[in-house]
Amino acid sequence: MTAAQILADTTAGPPTPPLVDLAAVTKHYRGSGLLGRADAPVQAVSGVSLAVEAGQTVGIVGESGCGKSTLGRLVVGLEKPTEGEVRLRGTDRAAMTRAQRRAARYEIQMMFQDPFAALNPRMTLARIIEEPLRARGGSSRPERRARVGQLAEEVGLAASQLDRYPRELSGGQRQRVGLARALATSPALVVADEPVSALDVSVRSQILNLMAQLQAEHQLAYLMVSHDLTVIHYFADHIAVMYLGQIVESGAPEVLFRSPAHHYTSALISAVPEPSVAGGRARAAIRGELPSATAPPSGCRFRTRCPAAQALCAEQQPPLRAFGPGHEAACHFPLIEPVPA
Amino acid sequence: MTAAIPAAGASGPVLRVDGLDVDIRLRRSVVHAVRDVSLEVAAGETVGIVGESGCGKSTLGLALAGLLPSSAVTRGSIRVGDREVTGVGERELRAIRGAEVGIVFQDPMTSLNPTQRIGAQVGEALRLHRGASREAARAAAADMLDLVGLPRPREQLDRFPHELSGGMRQRAVIAAALICEPKVLIADEPTTALDVTTQAQILELFDRLQQELGMATLLITHDMGVVAGRASRVFVMYAGREAETGPTAEVFGSAKHRYTAALLDSILRMETPRHAALYTIPGRPPDLTADLAGCPFAPRCPAASPICGTTFPPAAGADGPGAAGGHWWHCHHPVSEPRPAPHATEPSR
């Protein structure tokens, strides 16, 4: 983070609204039991606020079930928030006109862990990449073909491969197609949900290099969702750590990983097995399982697994406090001293 | 059981693989999935098998577990204790599997029957191989679930797999694999589908169970971080073959094979400079249906010379190939130390 960015983070009102920002967003899924019996709602996302600036990568880390994928879907518009606002350049999506919402849809695209899990296996790659352009309309077939050729070149696919089918591709090539498809409508933001988790180490590096190159060329922003801390640490400009639907800590990678304030962040970092000669033995700093999102613990949601939990943690939900420029965490007994209010 | 189980920590290989080839017959071609693999695992020892998708490591695991498809043809020898496993019939194989060889795969749902209760599944091997009564198997299953760290083990006995979280299911699979106290445990990507915090817990569990039960463990994974600090030896596979093998610290600290070095360089680490251009291995792994002459890594290797295209490199190393505790590699142009640090490039953004 540059000094200018830090300043922008700390000044009260930035001159232009962020590309995308979430204001106290909550997403509950109504539990539907057997025979229409209503169960307690699943609190997938609870009161999350987050901003993504143009050209920036925001990384969301957390365990499965922490709500990070739901957050991604809320940003893309695949889900509507139960409460709160998802804003695009300052405008709440819920308050947009139909035409605005339609335009917004092509400004934010999604990239999945397996881009073909949800796609027709009988479509050629050219057709798969072309699909968002057809859906948007307003382009001729030759125009779309030309655009597909250009996209293929950008992501490093040979033109000869475009007549192939998804099953003929390796994992790395599939992710290149997923990127080309996501970029087809020239979006400002790509939500990438575990984009490299299924890939081999050597292929993973290729895709991350490609994503970085495309970001630089197109001033592209990413919201990268992953359980893999090394990927998020390497790629993101700003990181938010999620636990049971809430952001428990956020900040710049250098700060967050060097001196985390939250015990959960610290536990996540120590659990990463490092391929080093010296050790590599991951320590299980936290015990037990993620509690149910239908009945999260009172107070601090992490307290049931936290080594530092005290009585207060069950009584009061810790507020987000500042620990430095752009660094916030919600913990009653943090690992470092907060900035005096 | 044919032989007494060696006590924990006793030396001598419990699992011995000698010149193993596995061919998988397809309709019009043959995949040479495993080529001339030899390795040993002693009681209480963990050996890591490392490689990328398609390198044959999972086929090797299936061969050792006696779970190859009928289209597979194997040559060579696999010995568990003093018993030859290759070439035995399905019935005998089933007796070995579960009783002497325990298996844990990546996705616990593939190993668990969704319609059967956890207790019955964990205790099954005991009833099958040891003729235990339903009650005895149930009691043993509860003890085993406790050992693998499932809370309230008695309650878990009557639950179905879908009622458990991913981490809990994998613990149940481990309990089922270990209930007969097998001599050998084959673990193929046992933590790949799990979160880092759960992974750390399961890996600690493996370490503890290994100390308590003293089994020989073959840990198959693409994740070098999982192998580091856990396996005493590591076996790097490429294109179905041994590329390099040796004590883990030596292989990771001073890799000799160009592929091992490239693999280590392409790993993303916490200390990788943020936004630096990442090292990548050019090209792709070879087609294993082709009959490969020479070193299979040669087309992607920065140091390849004409001999690499014609002759598979014989094992080389100070201790001599096959030496207990030795380090050897199959490379005509091994890396000479010291290697330049990876990611020496400047940040690209």
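Predicted model: local features only at pLDDT ≥ 70, side-chain atom pairs only at ≥ 80, totals over all residues.
Q: How many helices and strands does chain A have?
A: Chain A has 11 helices and 12 strands.

Q: What share of chain A is buried?
A: Buried residues are 48% of its 341 residues.

Q: And contacts in chain A with a separation of 6 or more: what share comes from residues 24 or more positions apart?
A: Those account for 65% of them.

Q: Switching to helices. At what angle do α4(A) and α5(A) pack?
A: About 125 degrees, with the axes 10 Å apart. Here α4(A) covers residues 125-136 and α5(A) covers residues 141-155.

Q: What does that make α4(A) relative to α5(A)?
A: Oblique. The angle falls between the perpendicular range, 65 to 115 degrees, and the antiparallel one, over 145.

Q: Is the crossing left-handed or right-handed?
A: The crossing of α4(A) and α5(A) is right-handed.

Q: Which residues make the contact?
A: From α4(A), Ala126(A), Ile129(A), Glu130(A), Leu133(A) and Arg134(A). From α5(A), Arg144(A), Arg147(A), Val148(A) and Leu151(A).

Q: How does that contact split by class?
A: Five nonpolar residues, four charged and no polar ones.

Q: Now the interface. How many residues of chain B are in contact with chain A?
A: 40 residues of chain B, against 38 residues of chain A.

Q: Which elements of chain B give two or more residues to that side?
A: Helices α7 (166-178), α8 (196-213), α9 (224-227), α10 (248-253) and α11 (258-266) of chain B.

Q: Which gives the largest share?
A: α8(B), with seven residues.

Q: And the classes on the side of chain B that touches chain A?
A: That side has 17 nonpolar, 15 polar and eight charged residues.

Q: On to strand β7(B). How many of its residues are buried?
A: Five of five, across residues 184-188.

Q: Which way do they point?
A: Val184(B), Ile186(B) and Asp188(B) point one way from β7(B). Leu185(B) and Ala187(B) point the other way. Both sets are buried, Asp188(B) included.

Q: What does β7(B) pair with?
A: Strand β6(B), residues 101-104, joins β7(B) through four bridges and runs parallel. Strand β8(B), residues 216-221, pairs with β7(B) over five bridges, also in the parallel sense.

Q: What stands opposite Ile186(B) in those strands?
A: Ile103(B) stands opposite Ile186(B). In β8(B), the bridge partner of Ile186(B) is Leu218(B).

Terms used. Residues numbered from 1 in each chain as written. Chains lettered and ligands numbered in written order. Axes fitted to C-alpha atoms, helices over the stretch in contact; angles between N-to-C directions. Parallel < 35°, antiparallel > 145°, perpendicular 65-115°, else oblique. Left-handed = near helix turned anticlockwise from the far one by under 90°. Contact = placed C-beta atoms within 7 Å. Nonpolar A, V, L, I, M, F, W, Y, C, P; charged D, E, K, R; others polar. Buried ≥ 20, exposed ≤ 12 C-beta atoms within 10 Å, placed from the backbone. Pairing = 2+ DSSP bridges.
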